[in-house]
Amino acid sequence: MTTIPRDQWYVAAYGREISHELFSRTICGESVLFWRTAAGAVTAMSDRCVHRRFPLSQAPTRLVDDQVVCGYHGFTYAADGRCVAVPGQTRVPRTARLRSYPVVEQDSFVWIFIGDPDRADATPVPRAPWLDSPDYTTVSGMEPLAARYELLVDNLLDLSHETYLHGGYIGTPEVASTPIRTEVDEAAGVVSVSRHMDDAECPPFYARSTGLTGRIARWQDIEYTPPCLYTLHSRIAPVGSVPNPDGSDPDAFHVEVVYAITPETESSTHDFWAVARDFARDDQGVSDFLAEQNRTVVLQDVEALDVLEQVIATEPAGYQELSINIDTGGLAARRMLAALVARGSAAPAGAGT
Ligand code: FES
Ligand SMILES: [Fe+2]
């Protein structure tokens, strides 16, 4: 029984990862071949030749103009996945076609629709506009996680762990000690978790990047759009500073911390992370510092979640977790994900019995 919602958009890659070369990544258990056409469009199709399953990302398969020539016996595919040539005969079987996937390139990400492609158009692609906005400077990366994606969802929706797992980087005592407010917008499909610390220690991540010394106001406003997109709107300001009634906020530093949570398999995940800031935008030293710090923090989570995956995979059935107030966001996310799984596995509308 899968726990991965189908009929959903997932981040497959950063746009910069895909060029006019064959590139493979497993998304929700499916091996997908990506490449960029001469005109610049990203294509996504099954990474298994219809003939004898040879992975098309595997040499000596090659891209010739905008066609993929299988390196085993030469079946040749166009950019839409259709087979256009086979060896030894002129007739190409009508069914010779690779499964192709809907793709959207947006906000620096390549999004792929997994599931029934007929449902793609009616399903909005989540937005993370900061990542390629001229008003922000972004650093980003992706770390492989040997753990089920639900563990990363849990982790990101409960930031009290910053105090313990990320002490000395982004964690301070106030993160764990300040209560949260959780809201669920069922119609929009968003879980929000807010924690506003009005007088807090400034962790190195923000002290060195903003230059603020002393104590700070630190606001964490999470928006999670299950299953894939997570944004932490982080506001850092001198103690006592609040945004103006018109929404302007000149004394504050704003960081949009974006994660895309893409299941690779039932027990592994692509952990895409990005940090977009609206200050020190031309300062390469700040970019290098935030990239190195955030990657370190992500790897601290990866190490912990990889351990948890092993614990869960090997424990006897029936373990009962204990949840408290800090878990309300994570529990709301679990309910929404379960509903998406149930919906995605339902028979398509109009299907016969
Ligand atoms: S496996 Fe690809 S042509 Fe035979
Ligand atoms: Fe973390």
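User: What does R235 touch, not counting residues up to four places away in sequence?

Analyst: R235 touches W219, A252 and H254. Two residues are in contact if their C-beta atoms, placed from the backbone, lie within 7 Å. Please note that this is a predicted model, in which local features need pLDDT of at least 70 and side-chain atom pairs count only at pLDDT 80 or more, while totals for chains, interfaces and linings use all residues. Residues are numbered from 1 along each chain as its sequence is written, and chains are lettered from A and ligands numbered from 1 in the order in which they are written.

User: Which strand does R235 lie in? And is R235 buried or partly exposed?

Analyst: R235 lies in strand β15; strands (E, at least two residues) and helices (H or I, at least four) are DSSP runs, numbered from the N terminus. R235 is partly exposed, since 19 other C-beta atoms lie within 10 Å. By definition, a residue is buried with 20 or more other C-beta atoms within 10 Å of its own, exposed with 12 or fewer, and partly exposed in between, with C-beta atoms placed from the backbone.

User: How far is the C-alpha atom of R235 from that of Q220?

Analyst: The two C-alpha atoms are separated by 6.7 Å, and the residues are 15 apart along the chain.

User: Changing topic: how is the chain divided?

Analyst: There are domain 1 (8-119) and domain 2 (129-342), with bounds that come from an automatic or database domain assignment. Their centres, taken over C-alpha atoms, are 33 Å apart.

User: How many residues are in contact between domain 1 and domain 2?

Analyst: On the domain 1 side 13 residues are in contact with 14 residues of domain 2. Strands β1 (8-14) and β2 (23-27) each supply at least two residues of the side of domain 1 that touches domain 2. The largest share of that side, six residues, comes from β1.

User: What classes of residue make up that side of domain 1?

Analyst: The side of domain 1 that touches domain 2 has eight nonpolar, four polar and one charged residues. Here Ala, Val, Leu, Ile, Met, Phe, Trp, Tyr, Cys and Pro count as nonpolar, Asp, Glu, Lys and Arg as charged, and the others, Gly among them, as polar.

User: Which residues touch the most other members of the largest nonpolar core?

Analyst: Y10, A12 and I112 do, in a core of 82 residues. Such a core is a set of buried Ala, Val, Leu, Ile, Met, Phe, Trp, Tyr and Cys residues joined through C-beta atoms within 7 Å. Strand β16 (residues 253-265) gives the most to this core, with seven residues. The core draws at least three residues from each of domain 1 and domain 2.

User: And what is A12 in contact with, leaving aside neighbours within four places in sequence?

Analyst: The contacts of A12 include R25, I27, V32, F34 and T262.

User: Now the backbone. Where is there a cis peptide bond?

Analyst: One runs from A59 to P60, with omega near 5°, and P60 is found in the loop between β4 (42-46) and β5 (62-64). Another joins P226 and P227, with omega about 5°; P227 lies in the loop between β14 (216-225) and β15 (229-238).

User: Which residue has a positive phi although it is not a glycine?

Analyst: C28 has a positive phi of about 50°, and S108 has one of about 80°. Most residues other than glycine have a negative phi. C28 counts as buried because it has 22 C-beta neighbours inside 10 Å. S108 is also buried, with 21 other C-beta atoms within 10 Å.
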